[in-house]
Amino acid sequence: MSVVIPCFNYAPYLQDAVDSALAQRGAIVDVVIVDDASTDGSWQVAQRLEQASGRVTALRHTANRGPVATFNDGVAAATGDFIIRLDADDLLTPGSVARALALFHAFPSVGLVYGHPVHFSGTPAPGYRGRCRSWSVWPGAEWLARRCASAVNVITAPEAMMRTSALDAAGPFQRELRHTHDFELWLRLAAVSDVGHVDGADQAWHRIHPGSLSSSVAPLEDLGERGAAFDALFGHGGPRIDNGSELAARARTALAREAVTLACREYDRGRGELAAAAGFVHAARELVPDPTGLPGWSGLERRMRGRPPGRTLSLLPRLSRRVRTQLRAAAWRYRGVM
(Lines give C-alpha, C1' and ligand atoms only; values in the text may rest on other atoms or scores of the structure.)
Protein backbone atom coordinates (compact mmCIF):
# COMPACT_ATOMS: atom_id res chain seq x y z
CA MET A 1 0.00 0.00 0.00
CA SER A 2 1.08 3.60 -0.59
CA VAL A 3 1.12 6.69 1.61
CA VAL A 4 1.09 9.91 -0.42
CA ILE A 5 2.54 12.89 1.47
CA PRO A 6 1.96 16.31 -0.09
CA CYS A 7 4.39 18.83 1.38
CA PHE A 8 4.69 22.60 1.25
CA ASN A 9 7.03 24.26 3.74
CA TYR A 10 6.66 21.55 6.38
CA ALA A 11 10.34 20.70 6.79
CA PRO A 12 10.17 20.45 10.62
CA TYR A 13 7.43 17.80 10.44
CA LEU A 14 8.18 15.76 7.32
CA GLN A 15 10.58 13.27 8.93
CA ASP A 16 8.05 12.32 11.61
CA ALA A 17 5.26 11.89 9.05
CA VAL A 18 7.37 9.55 6.92
CA ASP A 19 8.59 7.61 9.97
CA SER A 20 5.01 7.05 11.14
CA ALA A 21 4.20 5.51 7.75
CA LEU A 22 7.29 3.34 7.40
CA ALA A 23 6.89 2.01 10.95
CA GLN A 24 3.47 0.49 10.20
CA ARG A 25 3.23 -3.27 10.63
CA GLY A 26 0.99 -5.77 8.89
CA ALA A 27 1.63 -4.41 5.38
CA ILE A 28 4.45 -3.32 3.14
CA VAL A 29 4.12 0.45 3.00
CA ASP A 30 5.79 2.68 0.44
CA VAL A 31 5.81 6.48 0.67
CA VAL A 32 5.53 9.05 -2.11
CA ILE A 33 6.51 12.59 -1.06
CA VAL A 34 5.48 15.36 -3.44
CA ASP A 35 7.13 18.66 -2.57
CA ASP A 36 5.13 21.59 -3.91
CA ALA A 37 8.07 23.95 -4.53
CA SER A 38 8.80 24.48 -0.83
CA THR A 39 11.17 27.27 0.18
CA ASP A 40 12.07 26.09 3.69
CA GLY A 41 14.29 23.07 3.06
CA SER A 42 11.49 20.51 2.77
CA TRP A 43 12.90 19.24 -0.52
CA GLN A 44 16.29 18.60 1.06
CA VAL A 45 14.58 16.60 3.83
CA ALA A 46 12.61 14.64 1.22
CA GLN A 47 15.78 13.81 -0.73
CA ARG A 48 17.51 12.63 2.42
CA LEU A 49 14.56 10.40 3.30
CA GLU A 50 14.52 8.93 -0.21
CA GLN A 51 18.22 8.14 0.02
CA ALA A 52 17.77 6.50 3.42
CA SER A 53 14.98 4.10 2.41
CA GLY A 54 14.17 2.19 -0.75
CA ARG A 55 10.48 2.55 0.16
CA VAL A 56 10.46 6.36 -0.21
CA THR A 57 10.07 8.22 -3.51
CA ALA A 58 10.52 11.99 -3.58
CA LEU A 59 9.05 14.17 -6.33
CA ARG A 60 9.22 17.94 -6.69
CA HIS A 61 7.23 20.67 -8.43
CA THR A 62 9.34 23.46 -9.91
CA ALA A 63 6.48 25.91 -9.21
CA ASN A 64 3.80 25.86 -6.53
CA ARG A 65 0.68 24.13 -7.87
CA GLY A 66 -1.48 23.73 -4.76
CA PRO A 67 -2.72 20.71 -2.78
CA VAL A 68 -4.99 19.26 -5.47
CA ALA A 69 -2.33 18.85 -8.16
CA THR A 70 0.21 17.79 -5.54
CA PHE A 71 -1.90 14.89 -4.30
CA ASN A 72 -2.91 13.86 -7.82
CA ASP A 73 0.74 13.67 -8.85
CA GLY A 74 1.44 11.51 -5.80
CA VAL A 75 -1.42 9.15 -6.69
CA ALA A 76 -0.08 8.85 -10.24
CA ALA A 77 3.28 7.70 -8.82
CA ALA A 78 1.80 5.36 -6.18
CA THR A 79 1.81 1.61 -6.80
CA GLY A 80 -0.24 0.25 -3.88
CA ASP A 81 -3.72 -1.25 -3.96
CA PHE A 82 -4.62 1.14 -1.12
CA ILE A 83 -3.71 4.79 -0.60
CA ILE A 84 -3.53 7.14 2.38
CA ARG A 85 -3.21 10.88 1.93
CA LEU A 86 -1.05 12.03 4.83
CA ASP A 87 -0.26 15.73 5.12
CA ALA A 88 3.38 16.31 6.01
CA ASP A 89 2.49 17.76 9.43
CA ASP A 90 0.30 14.79 10.45
CA LEU A 91 1.10 11.28 11.69
CA LEU A 92 -0.33 7.77 11.50
CA THR A 93 -0.86 6.01 14.80
CA PRO A 94 0.85 2.63 15.26
CA GLY A 95 -1.25 -0.16 13.75
CA SER A 96 -3.60 2.13 11.86
CA VAL A 97 -2.79 0.60 8.46
CA ALA A 98 -3.36 -2.96 9.65
CA ARG A 99 -6.66 -1.99 11.31
CA ALA A 100 -7.97 -0.37 8.14
CA LEU A 101 -6.77 -3.18 5.88
CA ALA A 102 -8.56 -5.78 8.02
CA LEU A 103 -11.85 -4.00 7.35
CA PHE A 104 -11.08 -3.65 3.63
CA HIS A 105 -10.30 -7.36 3.28
CA ALA A 106 -13.50 -8.32 5.12
CA PHE A 107 -15.69 -6.09 2.93
CA PRO A 108 -14.56 -5.98 -0.73
CA SER A 109 -17.30 -3.45 -1.58
CA VAL A 110 -15.79 -0.84 0.78
CA GLY A 111 -13.72 1.82 -1.00
CA LEU A 112 -13.13 4.23 1.89
CA VAL A 113 -12.19 3.42 5.50
CA TYR A 114 -11.63 5.99 8.20
CA GLY A 115 -11.39 6.19 11.97
CA HIS A 116 -11.00 8.76 14.71
CA PRO A 117 -8.20 11.36 14.50
CA VAL A 118 -6.54 12.81 17.59
CA HIS A 119 -6.12 16.57 17.18
CA PHE A 120 -3.09 17.95 18.99
CA SER A 121 -0.58 20.77 19.07
CA GLY A 122 3.03 20.89 20.17
CA THR A 123 5.21 17.83 20.78
CA PRO A 124 5.22 15.00 21.42
CA ALA A 125 1.99 13.54 20.05
CA PRO A 126 -0.43 12.49 22.81
CA GLY A 127 -1.55 8.97 23.63
CA TYR A 128 -3.92 7.07 21.39
CA ARG A 129 -6.43 4.22 21.48
CA GLY A 130 -4.97 1.27 19.60
CA ARG A 131 -7.71 -1.35 20.00
CA CYS A 132 -10.42 -1.70 17.37
CA ARG A 133 -13.69 -2.32 19.22
CA SER A 134 -15.81 -3.09 16.13
CA TRP A 135 -16.48 -1.97 12.57
CA SER A 136 -19.25 0.17 11.15
CA VAL A 137 -20.03 -0.29 7.46
CA TRP A 138 -22.54 1.72 5.45
CA PRO A 139 -23.73 1.38 1.87
CA GLY A 140 -22.16 4.30 0.06
CA ALA A 141 -25.54 5.80 -0.80
CA GLU A 142 -26.57 5.80 2.88
CA TRP A 143 -23.33 7.42 4.04
CA LEU A 144 -23.62 10.03 1.30
CA ALA A 145 -27.21 10.79 2.29
CA ARG A 146 -26.09 11.30 5.90
CA ARG A 147 -23.42 13.76 4.77
CA CYS A 148 -26.01 15.69 2.79
CA ALA A 149 -28.41 15.73 5.75
CA SER A 150 -25.80 17.27 8.07
CA ALA A 151 -23.50 18.96 5.51
CA VAL A 152 -20.62 18.23 7.91
CA ASN A 153 -17.29 16.71 6.91
CA VAL A 154 -16.63 13.94 9.42
CA ILE A 155 -13.16 13.06 8.06
CA THR A 156 -10.15 15.25 8.85
CA ALA A 157 -7.94 13.44 6.25
CA PRO A 158 -4.99 11.45 7.67
CA GLU A 159 -7.29 8.87 9.27
CA ALA A 160 -8.74 7.85 5.87
CA MET A 161 -7.55 5.05 3.58
CA MET A 162 -8.84 4.56 0.02
CA ARG A 163 -8.99 1.48 -2.15
CA THR A 164 -7.10 2.43 -5.31
CA SER A 165 -9.72 0.87 -7.59
CA ALA A 166 -12.43 2.97 -5.91
CA LEU A 167 -10.28 6.08 -6.29
CA ASP A 168 -9.88 5.27 -9.97
CA ALA A 169 -13.66 4.97 -10.31
CA ALA A 170 -14.33 8.18 -8.39
CA GLY A 171 -11.53 10.12 -10.05
CA PRO A 172 -8.79 12.11 -8.29
CA PHE A 173 -9.20 15.58 -6.82
CA GLN A 174 -10.88 17.72 -9.45
CA ARG A 175 -11.79 21.09 -7.97
CA GLU A 176 -9.31 23.68 -6.72
CA LEU A 177 -11.09 24.09 -3.40
CA ARG A 178 -8.89 25.67 -0.77
CA HIS A 179 -10.27 23.84 2.24
CA THR A 180 -12.75 21.15 1.17
CA HIS A 181 -11.11 19.36 -1.75
CA ASP A 182 -10.77 16.32 0.52
CA PHE A 183 -14.46 16.51 1.56
CA GLU A 184 -15.47 16.49 -2.10
CA LEU A 185 -13.32 13.40 -2.65
CA TRP A 186 -14.92 11.52 0.26
CA LEU A 187 -18.35 12.31 -1.19
CA ARG A 188 -17.37 10.99 -4.63
CA LEU A 189 -15.90 7.82 -3.12
CA ALA A 190 -19.21 7.19 -1.31
CA ALA A 191 -21.00 7.62 -4.65
CA VAL A 192 -19.07 4.68 -6.13
CA SER A 193 -18.35 2.40 -3.13
CA ASP A 194 -19.32 1.53 0.43
CA VAL A 195 -17.76 3.23 3.46
CA GLY A 196 -16.31 1.69 6.62
CA HIS A 197 -15.23 3.03 10.02
CA VAL A 198 -12.76 1.55 12.52
CA ASP A 199 -14.63 1.91 15.83
CA GLY A 200 -12.83 2.56 19.09
CA ALA A 201 -9.31 3.17 17.77
CA ASP A 202 -7.49 6.40 16.92
CA GLN A 203 -6.18 6.09 13.37
CA ALA A 204 -4.07 9.26 13.06
CA TRP A 205 -2.75 12.35 14.76
CA HIS A 206 -3.76 15.67 13.17
CA ARG A 207 -1.44 18.48 14.16
CA ILE A 208 -2.85 21.96 14.82
CA HIS A 209 -0.34 24.80 14.48
CA PRO A 210 -0.36 28.40 13.23
CA GLY A 211 0.84 27.37 9.78
CA SER A 212 -1.77 24.65 9.21
CA LEU A 213 -4.54 25.26 6.70
CA SER A 214 -7.26 24.27 9.17
CA SER A 215 -6.15 27.06 11.50
CA SER A 216 -6.74 29.78 8.91
CA VAL A 217 -10.30 29.05 7.74
CA ALA A 218 -13.06 31.34 9.02
CA PRO A 219 -16.54 29.84 9.66
CA LEU A 220 -18.17 31.72 6.77
CA GLU A 221 -15.47 30.57 4.35
CA ASP A 222 -15.82 27.01 5.61
CA LEU A 223 -19.58 27.15 5.02
CA GLY A 224 -19.07 28.39 1.47
CA GLU A 225 -16.38 25.81 0.73
CA ARG A 226 -18.61 22.94 1.87
CA GLY A 227 -21.31 24.29 -0.39
CA ALA A 228 -18.82 24.35 -3.27
CA ALA A 229 -17.90 20.71 -2.54
CA PHE A 230 -21.55 19.67 -2.88
CA ASP A 231 -21.90 21.78 -6.03
CA ALA A 232 -18.91 19.93 -7.52
CA LEU A 233 -20.35 16.55 -6.55
CA PHE A 234 -23.78 17.16 -8.04
CA GLY A 235 -22.70 19.43 -10.88
CA HIS A 236 -21.68 18.69 -14.44
CA GLY A 237 -18.94 16.08 -14.63
CA GLY A 238 -19.65 14.55 -11.22
CA PRO A 239 -20.54 10.88 -10.66
CA ARG A 240 -24.02 9.73 -11.64
CA ILE A 241 -26.22 9.79 -8.54
CA ASP A 242 -29.82 8.65 -9.00
CA ASN A 243 -31.42 11.05 -6.48
CA GLY A 244 -28.81 13.74 -6.93
CA SER A 245 -31.23 16.67 -7.14
CA GLU A 246 -32.93 15.65 -3.89
CA LEU A 247 -29.63 15.17 -2.08
CA ALA A 248 -28.26 18.46 -3.38
CA ALA A 249 -31.32 20.30 -2.06
CA ARG A 250 -30.96 18.52 1.28
CA ALA A 251 -27.32 19.58 1.57
CA ARG A 252 -28.10 23.21 0.75
CA THR A 253 -30.88 23.23 3.34
CA ALA A 254 -28.54 21.82 5.99
CA LEU A 255 -25.97 24.52 5.20
CA ALA A 256 -28.66 27.20 5.35
CA ARG A 257 -29.81 25.94 8.76
CA GLU A 258 -26.25 26.13 9.99
CA ALA A 259 -25.91 29.66 8.59
CA VAL A 260 -28.99 30.75 10.56
CA THR A 261 -27.60 29.21 13.75
CA LEU A 262 -24.26 30.95 13.26
CA ALA A 263 -25.93 34.29 12.55
CA CYS A 264 -28.01 34.03 15.74
CA ARG A 265 -24.87 33.17 17.66
CA GLU A 266 -23.14 36.32 16.42
CA TYR A 267 -26.07 38.48 17.55
CA ASP A 268 -26.26 36.72 20.93
CA ARG A 269 -22.62 37.43 21.65
CA GLY A 270 -23.63 41.08 21.86
CA ARG A 271 -20.31 42.53 20.83
CA GLY A 272 -21.69 44.72 18.09
CA GLU A 273 -19.58 42.94 15.47
CA LEU A 274 -22.42 42.09 13.12
CA ALA A 275 -20.59 41.92 9.80
CA ALA A 276 -20.15 38.18 10.30
CA ALA A 277 -23.85 37.80 11.11
CA ALA A 278 -24.76 39.64 7.91
CA GLY A 279 -22.53 37.24 5.96
CA PHE A 280 -24.33 34.22 7.40
CA VAL A 281 -27.73 35.77 6.67
CA HIS A 282 -26.70 36.38 3.07
CA ALA A 283 -25.45 32.79 2.79
CA ALA A 284 -28.76 31.39 4.04
CA ARG A 285 -30.68 33.46 1.51
CA GLU A 286 -28.39 32.28 -1.29
CA LEU A 287 -28.61 28.61 -0.35
CA VAL A 288 -32.38 28.14 -0.30
CA PRO A 289 -35.22 29.83 -2.21
CA ASP A 290 -37.16 30.77 0.93
CA PRO A 291 -35.22 30.83 4.20
CA THR A 292 -38.22 31.96 6.28
CA GLY A 293 -39.21 28.35 6.95
CA LEU A 294 -35.82 27.41 8.39
CA PRO A 295 -35.62 26.61 12.12
CA GLY A 296 -34.58 29.72 14.01
CA TRP A 297 -35.32 32.18 11.19
CA SER A 298 -38.07 34.03 13.08
CA GLY A 299 -35.73 34.51 16.04
CA LEU A 300 -33.01 35.71 13.68
CA GLU A 301 -35.37 38.29 12.18
CA ARG A 302 -36.15 39.62 15.68
CA ARG A 303 -32.45 40.00 16.34
CA MET A 304 -31.98 41.76 13.01
CA ARG A 305 -34.70 44.25 14.00
CA GLY A 306 -32.86 44.98 17.23
CA ARG A 307 -35.17 42.95 19.41
CA PRO A 308 -32.96 40.24 20.93
CA PRO A 309 -34.65 37.60 23.10
CA GLY A 310 -34.63 38.04 26.83
CA ARG A 311 -31.79 36.58 28.84
CA THR A 312 -33.69 33.40 29.72
CA LEU A 313 -34.86 32.83 26.17
CA SER A 314 -31.39 33.46 24.76
CA LEU A 315 -29.82 31.00 27.21
CA LEU A 316 -32.16 28.17 26.24
CA PRO A 317 -31.04 27.99 22.57
CA ARG A 318 -27.41 28.20 23.66
CA LEU A 319 -27.90 25.30 26.08
CA SER A 320 -29.72 23.30 23.43
CA ARG A 321 -26.95 23.94 20.90
CA ARG A 322 -24.32 22.90 23.45
CA VAL A 323 -26.09 19.62 24.22
CA ARG A 324 -26.52 18.84 20.51
CA THR A 325 -22.87 19.61 19.88
CA GLN A 326 -21.76 17.29 22.69
CA LEU A 327 -23.98 14.45 21.46
CA ARG A 328 -22.71 14.85 17.90
CA ALA A 329 -19.10 14.89 19.11
CA ALA A 330 -19.67 11.64 21.03
CA ALA A 331 -21.22 9.97 17.99
CA TRP A 332 -18.32 11.13 15.82
CA ARG A 333 -15.73 9.86 18.28
CA TYR A 334 -17.21 6.37 18.50
CA ARG A 335 -18.79 5.74 15.09
CA GLY A 336 -17.49 8.48 12.81
CA VAL A 337 -20.86 10.04 11.99
CA MET A 338 -22.90 13.04 13.14
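These are my notebook entries on what I looked up in the predicted structure above.

**Ground rules**

I am working with a predicted model, in which local features need pLDDT of at least 70, side-chain atom pairs count only at pLDDT 80 or more, and totals for chains, interfaces and linings use all residues. Residues are numbered from 1 along each chain as its sequence is written, and side-chain values use heavy atoms, with hydrogens and water left out.

**Entry: the whole chain**

I began with the secondary structure, which comes to twelve helices and nine strands; helices (H or I, at least four residues) and strands (E, at least two) are DSSP runs, numbered from the N terminus. I then looked up burial and found that 52% of the 338 residues count as buried, where buried means under 20% relative accessible area, exposed over 50%, and partly exposed in between (1.4 Å probe, protein chains only). For contacts, meaning heavy atoms within 4.5 Å, I noted that among those between residues at least 6 apart in sequence, 81% join residues at least 24 apart.

**Entry: helix 8**

I found that helix 8 (219-234) has 16 residues and reaches 23 Å from its first C-alpha to its last, close to the 22 Å expected at 1.5 Å a residue; the expected span is 1.5 Å times one less than the number of residues. Its buried residues include Asp222, Glu225 and Arg226, as well as Leu223, Phe230 and Leu233, and the buried residues of this helix pack against helix 5, helix 7, helix 9 and helix 10.

I picked out Ala232, which lies in helix 8 and counts as buried at 11% relative accessibility. Not counting residues up to four places away in sequence, Ala232 touches Arg175, Glu184 and Gly238. I also noted that Ala232 and His181 are 51 residues apart in sequence and 9.7 Å apart in space, C-alpha to C-alpha.

**Entry: helix 10**

I repeated the length check on helix 10 (residues 275-287), whose 13 residues should span 18 Å at 1.5 Å a residue, and its end C-alpha atoms are 19 Å apart, which agrees. The buried residues here are Ala277, Gly279, Phe280, Val281, Ala283, Ala284 and Leu287, and what covers them includes helix 8, helix 9 (244-269) and helix 11 (297-304).

**Entry: helix 5 against helix 9**

I looked up how these two helices meet: the axes of helix 5 (residues 140-150) and helix 9 come within 6 Å and cross at roughly 35°. Such axes are lines fitted to C-alpha atoms, for helices over the stretch in contact, and angles run from 0 to 180 degrees between N-to-C directions. The contact is made by Leu144, Ala145, Cys148, Ala149 and Ser150 of helix 5 and by Leu247, Arg250, Ala251, Ala254 and Arg257 of helix 9. These residues divide into seven nonpolar, one polar and two charged, with Ala, Val, Leu, Ile, Met, Phe, Trp, Tyr, Cys and Pro counted as nonpolar, Asp, Glu, Lys and Arg as charged, and the others, Gly among them, as polar.

**Entry: aromatic rings**

A search of the whole structure gave me six aromatic pairs. Rings of Phe, Tyr and Trp (its six-membered ring) pair if their centres lie within 6.5 Å, and planes under 30 degrees apart count as stacked, over 60 as edge-to-face and the rest as tilted.

One of the pairs is Phe107 with Trp135, which is edge-to-face at 6.0 Å centre to centre and 80° between the planes. Phe107 lies in the loop between helix 4 (96-106) and strand 6 (110-120) and Trp135 in strand 7 (residues 134-138), so this pair ties together parts that are 28 residues apart in sequence. Phe107 is partly exposed at 31%, and Trp135 is partly exposed at 36%.

Another edge-to-face pair is Phe183 with Phe230, at 5.4 Å centre to centre and 85° between the planes. Since Phe183 lies in helix 7 (residues 181-192) and Phe230 in helix 8, the pair ties together parts that are 47 residues apart in sequence; both Phe183 and Phe230 are buried.

**Entry: backbone details**

Most residues other than glycine have a negative phi, and most peptide bonds are trans. I noted that the bond from Thr123 to Pro124 is cis, with omega near -5°, and that Pro124 is in the loop between strand 6 and strand 7. Phi of Ala151 is near 60°, a positive value, and Ala151 is buried with a relative accessible area of 0%.
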